[in-house]
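Here is a colleague's note to read alongside the structure. Please keep the sequence open and follow each point in turn.

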Amino acid sequence: MSPVPISQINTGHIDDVQELRKAKPTLIPERFVRDATERPTLQSANRFPTTCVVLDHDSYDVPIIDLSKLMKVDEDEGSWRAEILKLKRACQDWGFFQVVNHGIDLSLVEGIEEVAKEFFMLPLEEKQRYPMVAGTVQGYGQAFVFSEDQKLDWCNMFALGVEPQFIRNPKLWPKNPPKFSGTVEDYSREVRKLCQNLLNSIAITLGLKEGTFNEMFGVGVQAIRMNYYPPCSRPDLVLGLSPHSDGSALTVLQQGKGSSVGLQILKETKWVSVQPVPNALVINIGDTLEVLTNGKYKSVEHRAVTHKEKDRLSIVTFYAPSYEVEIGPLPEMVDEINNPCTYRRYNHGEYSKHYVTSKLQGKKTLDFAKIIN
């Protein structure tokens with residue numbers, strides 16, 4: 001979450017999609033129109049390439065994990081073991097799951113949605129007081145844009161570094177809405193606890209000591225990004241967010257109540273829509289855990305699509321190790337005969353800088369860590 005630009009970058013003019021929506025153009029600006037192979041569709045597989053097929057089938061439902069069962073090993077060991085096994089399968093087979101009974105007060109969950117929506121509904125001039133400078137990922141605008149001919153996402157973003165303190169840019173924390181900063185602080189603190197609890201359980205699924213990841217991560221790096229996707233008159237031509245995996249260890253996604261279904265994950269070469277579960281949070285494995293587990297738990301490519309009539313709000317928290325931590329496959333995850341080391345060791349801050357200075361392009365950023373034979 002570097003707060004300063006890395007160099008002079010010419011991104012060209014970037015239209016604000018909320019303002020575009022207000023104007024209701026008959027044509028979508030060319031910079032938002034995707035190449036035919038990238039366009040989303042809910043149509044029959046017979047008419048489109050396999051990589052663009054979207055499946056909405058019960059057999060593709062993302063697993064649901066009950067955190068309350070994971071936290072009660074002493075009270076009900078049988079239920080705990082069953083949930084640990086579900087978590088293991090979710091991490092290994094999906095890289096995504098939804099967590100219920102997560103322990104975050106629902107009034108806080110509703111509160112963060114409220115202030116996020118209030119911020120996005122401010123006049124453009126007000127939001128532009130907190131600009132996302134090209135080459136950075138904090139502030140209001142579009143992240144991961146590095147050239148004037150790059151395709152743009154049908155999305156407005158507002159992102160902030162949260163922890164540790166030195167990654168914050170105080171000038172980007174808005175005073176309007178009045179409850180914004182306080183709500184982000186409270187919400188982020190609770191999500192941090194959730195991430196730490198999940199990492200303890202994930203360590204157990206791998207046969208590791210419970211505190212392995214949290215002890216290794218030190219003062220974990222945490223950032224929050226709010227995404228607002230206005231309706232789009234041609235959702236078949238655009239993407240709300242380009243396909244990518246996350247550079248984090250864990251990502252926590254809150255899907256706005258009443259929003260359109262927009263999150264899709266790449267499952268067995270097909271795009272699968274993630275149906276929101278009431279009061280659940282979506283969790284996904286990031287690149288950092290893929291490296292630490294030597295590929296046993298893989299980060300998963302995902303994207304967002306838009307809707308013709310409904311808007312969508314999402315609130316995303318990224319949780320990762322301290323920038324000073326050295327990352328590489330854990331010794332317990334490496335077997336030179338059956339599971340040789342496939343990722344090199346590197347400094348997490350180095351990878352973080354690489355990630356935020358690269359455009360979203362599937363899992364290409366993870367090439368940085370791979371050992372090429």
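This is a predicted model: local features need pLDDT of at least 70, side-chain atom pairs count only at pLDDT 80 or more; totals for chains, interfaces and linings use all residues.

1. Helix α4 covers residues 106-120 and helix α6 covers residues 180-205, and the two pack at an angle of about 140° with their axes 9 Å apart. The two helices are therefore oblique to each other, since an angle would have to be over 145 degrees to count as roughly antiparallel.

2. Which residues of α4 and α6 meet? On the α4 side they are Leu-108, Gly-111, Ile-112, Val-115 and Phe-119, while α6 contributes Phe-180, Thr-183, Val-184, Asp-186, Tyr-187 and Glu-190. Sorted by class, this contact of α4 with α6 holds seven nonpolar, two polar and two charged residues.

3. Helix α6 also packs with helix α3, which spans residues 77-93, and here the angle is about 85° and the axes are 9 Å apart. That angle makes α3 roughly perpendicular to α6. From α3 the contact uses Trp-80, Ile-84, Leu-87, Lys-88 and Cys-91, and from α6 it uses Ser-201, Ile-202, Ile-204 and Thr-205. The residues of this contact of α3 with α6 divide into six nonpolar, two polar and one charged.

4. Is His-102 buried or exposed? This residue sits in the loop between β3 (96-100) and α4, and with a relative accessible area of 8% His-102 is buried, because buried means under 20%. Leaving out neighbours within four places in sequence, His-102 is in contact with Leu-67, Val-109, Leu-194, Asn-279, Ala-280 and Leu-281. A further pairing to look at is His-102 with Leu-198, for these two are 96 residues apart in sequence, yet their C-alpha atoms are 9.7 Å apart in space.

5. With a relative accessible area of 12%, Ser-322 is buried. If residues up to four places away in sequence are not counted, Ser-322 touches Phe-217, Val-219, Gly-220, Val-221 and His-348.

6. What does UniProt list for residues 212-321? The unreviewed entry gives "domain: Fe2OG dioxygenase" for them, and this label comes from the record, where annotations may be inferred rather than shown by experiment.

Technical notes: Residues are numbered from 1 along each chain as its sequence is written. Side-chain values use heavy atoms; hydrogens and water are left out. Axes are lines fitted to C-alpha atoms, for helices over the stretch in contact, and angles run from 0 to 180 degrees between N-to-C directions. Helices (H or I, at least four residues) and strands (E, at least two) are DSSP runs, numbered from the N terminus. Angles under 35 degrees count as roughly parallel, over 145 as roughly antiparallel, 65 to 115 as roughly perpendicular and the rest as oblique. Contact means heavy atoms within 4.5 Å. Ala, Val, Leu, Ile, Met, Phe, Trp, Tyr, Cys and Pro count as nonpolar, Asp, Glu, Lys and Arg as charged, and the others, Gly among them, as polar. Buried means under 20% relative accessible area, exposed over 50%, partly exposed in between (1.4 Å probe, protein chains only).
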